[in-house]
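These are my notebook entries on one structure. I looked up the strands first, then the ligand site, and lastly a few single residues.

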Amino acid sequence: MRFFNTYLVTKIFDKIAFRYDVLNRILSFGQDLAWRNTLSKKLGKNNKVIVDIGTGTADQIVLNHKYCKNSLLIGVDRSRNMLSIGKKKTNKLGANLINGDALRLPLKNKSVDIVTISFGIRNFIDIDKALLEVSRVLKQNGKVIILEFSIPENSFIKNIYLFYLRNIVPFIGSIISRNKDAYEYLNKSIEKFPYGKEFCKIMKDIGFKKINFEKLSFGVAMIYEGEKN
Ligand SMILES: C[S@@+](CC[C@H](N)C(=O)[O-])C[C@H]1O[C@@H](n2cnc3c(N)ncnc32)[C@H](O)[C@@H]1O
């Protein structure tokens, strides 16, 4: 895999921002919104501050607002173009979208009740550092909920999925976004990501407790939860 750094990843998202939402709907057959909704349902009540990291075009914030209308909603992302689309969606919700880095969050220690990350963590390059930052900004017993792609275990489904990921996704992605690199990056980053129990171990090593995960759509995606010690 070509060496990707934070700068290159931001450049990719800046380039595809204006086609990002439509491609999400097409390539996931509309499932991405259902997955995000499953994440938001896990937020629970009485959260004062909810931060969505790698918020992009802010679909997760829109759904977080559906379940937590009275919370202060903050989104952080490095890509200004992704955020500009996100701002249009969230202006009326009073959300605060900030141009910032997941590896150096522009937030105070112990200031956040819940962090959500949807399809962001695998793009943050240094997963440990990103989780340490999440832990730093969370209040004690604060929660992190992460939605990310994974690889199905069933070999029949896995083979179909990998064929789709390696061939169809870059093909459709490059036609619609006019950026072949971006959608090749997508499938490579998904295959490289440590999912399931492996990812839970990383969370545990960072110091999170009460870690669990749920498979979505035969294991095409997973939701991880953990609490700050
Ligand atoms: C696949 S998109 C996900 C966007 C959104 N969360 C969603 O569910 O559609 C990944 C996002 O992470 C952002 N990102 C990548 N690296 C980042 C970093 N180091 N700090 C903040 N955002 C980052 C990208 O700019 C992009 O908007």
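**Entry 1. Basis**

I worked from a predicted model, in which local features need pLDDT of at least 70 and side-chain atom pairs count only at pLDDT 80 or more, while totals for chains, interfaces and linings use all residues. Residues are numbered from 1 along each chain as its sequence is written, and side-chain values use heavy atoms, with hydrogens and water left out.

**Entry 2. Strand E1 and its partners**

I first noted that Ile50 stands opposite Leu73 in strand E2. Helices (H or I, at least four residues) and strands (E, at least two) are DSSP runs, numbered from the N terminus. E1 and E2 (residues 72–77) pair in the parallel sense over 5 bridges; pairing requires that DSSP find at least two bridges between two strands. I then looked up E4 (residues 112–118), which runs parallel to E1 and is joined to E1 by 3 bridges. There, Ile114 is the bridge partner of Ile50.

I recorded a right-handed β-α-β unit made of E1, helix H3 (residues 59–67) and E2. Right-handed means that, with the strands pointing away from the viewer, the path from the first strand over the helix to the second runs clockwise.

Why is E1 described as largely enclosed by the rest of the structure? In E1 (residues 49–53), 5 of the 5 residues are buried, so the strand is largely enclosed. I used buried for under 20% relative accessible area, exposed for over 50%, and partly exposed for values in between (1.4 Å probe, protein chains only). In a regular strand the side chains alternate between the two faces of the sheet. In E1, both faces are covered: Val49, Val51 and Ile53 are buried on one side, and Ile50 and Asp52 on the other.

**Entry 3. From E2 to E3**

I followed E2 to strand E3 (residues 96–99), and found the two parallel and joined by 4 bridges. Asp77 has Asn99 as its bridge partner in E3. A right-handed β-α-β unit is also formed by E2, helix H4 (residues 80–90) and E3.

**Entry 4. The ligand site**

Which residues are closest to the ligand? I found 20 residues around the ligand, the closest being Tyr20, Arg36, Gly54, Asp77 and Ser118; a residue counts as near if one of its heavy atoms lies within 4 Å. For polar contacts I took pairs of N or O atoms within 3.5 Å; within protein, one must be able to donate a hydrogen and the other to accept it, and residues adjacent in sequence count only if both atoms are side-chain atoms.

- Tyr20 places a polar side-chain atom 2.7 Å from an oxygen atom of the ligand.
- Arg36 has a polar side-chain atom 2.6 Å from an oxygen atom of the ligand.
- Ala102 has a polar backbone atom 2.8 Å from a nitrogen atom of the ligand.

The ligand taken alone exposes 590 Å², of which the protein buries 99%. Accessible areas come from the Shrake-Rupley method with a 1.4 Å probe, and for residues only the protein chains shown count as cover.

I then examined Ser118, which lies in E4 and is buried at a relative accessible area of 8%. Its side chain makes a polar contact of 3.4 Å with the side chain of Gln60. Not counting residues up to four places away in sequence, Ser118 touches Arg36, Asp52, Gly54, Gln60 and Leu147; contact means heavy atoms within 4.5 Å.

**Entry 5. Helix H5**

I listed the buried residues of H5 (residues 127–137), among them Ile127, Leu131 and Val134. What covers the buried residues of H5 includes E1, E4 and strand E5 (138–149).

**Entry 6. Loop residues**

Is Asn179 buried or exposed? Asn179, in the loop between helix H6 (155–177) and helix H7 (180–192), counts as buried at 11% relative accessibility. The side chain of Asn179 reaches the backbone nitrogen of Ala182 at 2.9 Å.

Most residues other than glycine have a negative phi. I noted that Phe218 has a positive phi, near 60°. Phe218 lies in the loop between E6 and E7 and is exposed, with a relative accessible area of 66%. Val220 is placed in the loop between E6 and E7, but counts as buried at 14% relative accessibility.
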